[in-house]
Amino acid sequence: MDLSADQVRRIAVAAQGFDRPGPVRPNLGHLRRVLTRVGAFQIDAVNVLARSHYLAAFSRLGPYPIDLLDRLTFRVAGAYEYWGHAASIVDMSLYPALRWRMTRQATHGQWSRFLARVQTERPGYAEEVYADVAERGPLTFSQLLDPARRPKDYSRYSAATILWDRGSDGKTMLEYLYATGELAVAGRSNFNPSYDLAERVIPPEILAASELSAADGQRELVRRATAALGVATVKEVADYFRMSMADTKSRIRELVEGGELSECRPEGWTSVGYLHPSASAKPVQAAALLSPFDSLLWERGRVQRIFGFQHSFEIYVPEAKRQYGYFVLPFLLGDQLQARVDLKADRPGRCLLVRGSFAEPGTDNIEVASALAGELRSLASWLDLDDVSVASRGNLASAVSGRMSG
């Protein structure tokens, strides 16, 4: 099957839940359906505007009660935190499909080395931490009876590994027990996770279900990833839930042979595409500001190829070298990424600061600015900010400023 570039773009946008307007009064059911559709919201600590997982829901639902996501995750068990695509809020229905990852974590070399060192230096410490959580949980690492803090100049591990020293073996031990599925995140306080026994967080019927084999779990992740992508290469499917290329190739081949996925030839692609049967190429009328960690943007090569948009995240770039800004949100209009804005919430001043506004080449600045102004007002209202202030930086700033005051 051949697919035109326009069809591919529409499929990609629709598959991510931008194929219909947000509900008038978003509720828990709407939020649950969005998360089921995309599979996971990536978590990030940056809070200059709003944390990424909350923004992902806003982009698809519009102004929703922001506490709904915490309610879904920590009170009604419709979602849970785990390593999906990086640290994520994951749809609870995917818990069985990720248990193989928990099993593998238990024997991962880096964790094994950590456990061996701790057992040598502090015999029985792993058991002590687990017992402490069992007795008094949920607990943050600082609430442990013995957080096992280390000297500040201690640097046994490279910052390039998952086990860089954080000044507390207690923190790392909690993360090990979380990675292996023995503990789960039961809530957060000032973004610090509180851990509890998995059986006190994950619904009993989910835990009691027969554990899927690694192949079966991976196959389900591939199904969900291709549904959320619509059409994708092997690399893009693998990236969605951070699976290995070898495992992803095997599972895709099995699903193609079983008739669950079909091969296609998207225009301009050098690799075979895999099409999910739910994919729709109908025109979409989206208008959405996207977190830089939105699942539509996860695989940057895909974003460049499908949208002709170079997605960059400059928060770690020195200020003088930034092209667009510190926390830049792409703007989706229709089925195109047509602009980007550098945003900050000035909470004391109760104002949404638009520190830069940039249109992509070839866009209609007036049309884009008009739609963008509406989304900025909606975002400010959702964040309980009274005003929007547009700085003069960027080739779209004048048009946006005019629409905001018009």
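## The sheet

Four strands form an open sheet in the order β1-β8-β9-β7, and their pairing is mixed. At its edges are β1 (2–3) and β7 (231–232), each of which pairs on one side only.

Strand β7 runs antiparallel to β9 (residues 273–275), and two bridges join them. Within this pair, V231 is placed opposite L275 of β9.

## The nonpolar cores

Nonpolar side chains tend to be buried together in soluble globular proteins. In this predicted model, the largest nonpolar core comprises 104 residues, and F41, L49, L376 and L379 have the most contacts inside it. The element that gives the most to this core is helix α14 (residues 365–382), with eight residues.

Leaving aside residues up to four places away in sequence, L376 touches L289, L343, L352, V354, V388, V400 and M404. Another core, of 23 residues, lies apart from the largest one; C264, V284, L290 and F307 are among its members.

## A pair of packed helices

Helix α1 (residues 5–15) packs with helix α13 (residues 300–307) at an angle of about 130 degrees, and their axes are 9 Å apart.

On the α1 side, V8, R9, A12 and V13 make the contact, while α13 contributes R302, I306 and F307. The residues of this contact comprise five nonpolar and two charged, with no polar ones.

Technical notes: Residues are numbered from 1 along each chain as its sequence is written. This is a predicted model: local features need pLDDT of at least 70, side-chain atom pairs count only at pLDDT 80 or more; totals for chains, interfaces and linings use all residues. Side-chain values use heavy atoms; hydrogens and water are left out. Axes are lines fitted to C-alpha atoms, for helices over the stretch in contact, and angles run from 0 to 180 degrees between N-to-C directions. Contact means heavy atoms within 4.5 Å. Ala, Val, Leu, Ile, Met, Phe, Trp, Tyr, Cys and Pro count as nonpolar, Asp, Glu, Lys and Arg as charged, and the others, Gly among them, as polar. Two strands pair if DSSP finds at least two bridges between them. A nonpolar core is a set of buried Ala, Val, Leu, Ile, Met, Phe, Trp, Tyr and Cys residues joined through side-chain atoms within 4.5 Å. Buried means under 20% relative accessible area, exposed over 50%, partly exposed in between (1.4 Å probe, protein chains only).
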